[in-house]
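Hi,

Here is the model I promised to pass on. Have a look, and my notes on how the two chains go together follow below.

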Number of protein chains: 2
Amino acid sequence: MPVSKHPSRTGPVTLASIAAHAGVHLSTVSRALSAQPDGVGPETVERIRTLAHELGYRRDAAAHTLRTGRTRMIGVLVPRLTDVALATIYEGIDQAATRAGYNTVVANTRDDVELQRSCLDLLLSRRVDGLILGDSRTGSNLIPELQRTQVPFVLVMRRLPGQISITTDDVEGGRLAAEHLLELGHKRVGVVAGDPSASTGAERTRGFRDTFAKAGFPIPDEYVIDSDFHVRGGRRAAERILRLPVRPSAIFAINDFTAIGVMGAVRDAGLQVGSEMAVVGYNDLDLAEQLPVGLTSVRSPLTEMGELSVHTLLDMLQGKKVRSRRLRPVLMARASTLNSR
Amino acid sequence: MPVSKHPSRTGPVTLASIAAHAGVHLSTVSRALSAQPDGVGPETVERIRTLAHELGYRRDAAAHTLRTGRTRMIGVLVPRLTDVALATIYEGIDQAATRAGYNTVVANTRDDVELQRSCLDLLLSRRVDGLILGDSRTGSNLIPELQRTQVPFVLVMRRLPGQISITTDDVEGGRLAAEHLLELGHKRVGVVAGDPSASTGAERTRGFRDTFAKAGFPIPDEYVIDSDFHVRGGRRAAERILRLPVRPSAIFAINDFTAIGVMGAVRDAGLQVGSEMAVVGYNDLDLAEQLPVGLTSVRSPLTEMGELSVHTLLDMLQGKKVRSRRLRPVLMARASTLNSR
DNA sequence: CCGAGCAACCCAAACGTTTGCGCTTGATTA
DNA sequence: TAATCAAGCGCAAACGTTTGGGTTGCTCGG
């Protein structure tokens, strides 16, 4: 058990105070405590290390950073952590980072440009070694600004042309959802399209619409409703779709949360999810399978994306050449589309 | 290893480089850029500030912390951010902290003691000004260690005797759920009890069982299954309950995610959620209301808890006297218990 | 006209680390 | 036996900031 000897008497325990206790120079302590203790006798190293442990020494991160210029921290920007998809990605990021001896600091930007800027400023002034951006949007001028700082970064979840990114193939995902519904005989469908400034929303929707169009059933614009990525946004969009003069027989939602909102709207319209209105989600969160009506969803490897983004970033930090990755999505068919049609 | 070789022409912009540009002393720049620029002429302040902005100056957090000993950072420990309840609390924390000029850094500890310790170590070596702990458990020896560091902290979501905490009244919440089911005529019920080392799990379960016992229908131990707080854990626990010789007519789940797992198990057992098996959740997440069968749930004010924990911590930092808070939960009755019984 | 008072600014010492360099030892080698 | 050498350690200079205490000038009341 590590127990500090004089908790209140002695101030914070630093290299200097350890050195005093051990009767050696402060710099010797520093070396002894470093990963490769070169130029210090083995028994001295051992003595100093146990002493440091007993005194409850913790290296001061601020001083370390100030001296070395490196923080072993990577900054992460996400729209919202209450979105389980992003939280899962972040979990993958944090895991991989921890394993590599890095720590992460995350910030919610809520798809708000002002917040993005201030969060970015914060992370940069905290001198993160690199950044992982989960909230990139088309038409933002933050990326060029960021490039000027020379701090390496990778995008995750959402793409931007010309930037290194780790995503799933969202066009393909949209296509999978569309083909599934076409096979089941759906001809008129609605889309809860998410935010068109996010590549996820834009590409999933595009893949979906293109496939229906190619099959001879182009989807009219009024059947495609933009939304955010949350339950309530999904609900609102679905309500609009359900009020259309000719009701569709299926709705494709941009992610599982909006799909749940869609389910609620369908239910309150007096329709049975699955048999009377097919619903398809995206991401295949854990809960999709367990819903009272199992949700058909396009599975994307979220944790893996997170981990991969970290590995890519670390490679960049080492000056290696890196490339973007687009992982393959898979459709998981369940009761929300398969029930007795 | 190559050392301190700066790739860009212009080095990092510091107080010194601004001072050189402005033709004043570095300390004058520091004062001009501080919140209350005392002892610097108004026009000098203006000149320096615009210059700093033009050069893209960002105060170095490490140096600032090293000098002042304060970081304006608060550390947050949660079990998992993929648990929407915790993510929502964290969102409240981050909001309130940002408004107060503080930043947060969060870490997932997964209810793992080793991880808790290492995350705590990390946050302390980053010199956070204070801590908010969302993952406290009975029987852990981390709290006494933490107290020795003199870093102030508050618990959120889960309580521990003798510690400042911001929670909802979980015993009361359990009671609300029980009374609701009793009123509907349920006599034999199952409980997915969560983790008994977390006060949430223990107290919600206790409030629920006590109420049933008082009503004359004590719940046998084999109808109470411990679990984690996630979808799969809920599903597994429910499967065990459904295999009991005498099947209950209702299941109380420790939170909404486990409740969804319960719903999946009930569905796959060939039963209708609501009419054939009542299900009650806890937290009333956004999605509870929108599920194909609306989930009856005990609402707890998550965002508010997060904000309150920050306010409490900031009061502690100012040396004020603070007290624990237990917010009141409210039952939201929906189809998962109300459907035609 | 002279010192007091004051505004505006400069100086330098910290904060806790890391790290190149130089100084002792004692042992090895020519 | 003396020159060489490496191991083991001490010394001191940074890193960028804040801040208590000078040091200038200047104004102004007596």
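Before the rest, the ground rules. This is a predicted model, so local features need pLDDT of at least 70 and side-chain atom pairs pLDDT 80 or more, while totals for chains, interfaces and linings use all residues. Side-chain values use heavy atoms, without hydrogens and water, residues are numbered from 1 along each chain as written, and chains are lettered from A and ligands numbered from 1 in written order.

On the interface itself, 57 residues of chain A are in contact with 55 of chain B (heavy atoms within 4.5 Å). The two chains bury about 4,800 Å² between them, 56% of it on carbon and sulfur atoms (accessible area lost on being put together, 1.4 Å probe, summed over both). In chain A, A:Arg58, A:Gln290 and A:Pro292 lose the most area to chain B, together 15% of what that side buries.

The rule also finds 10 salt bridges across the interface (a side-chain nitrogen of Lys or Arg within 4 Å of a carboxyl oxygen of Asp or Glu). One of them joins B:Arg127 to A:Asp60, with the closest N and O atoms 2.4 Å apart.

Cheers
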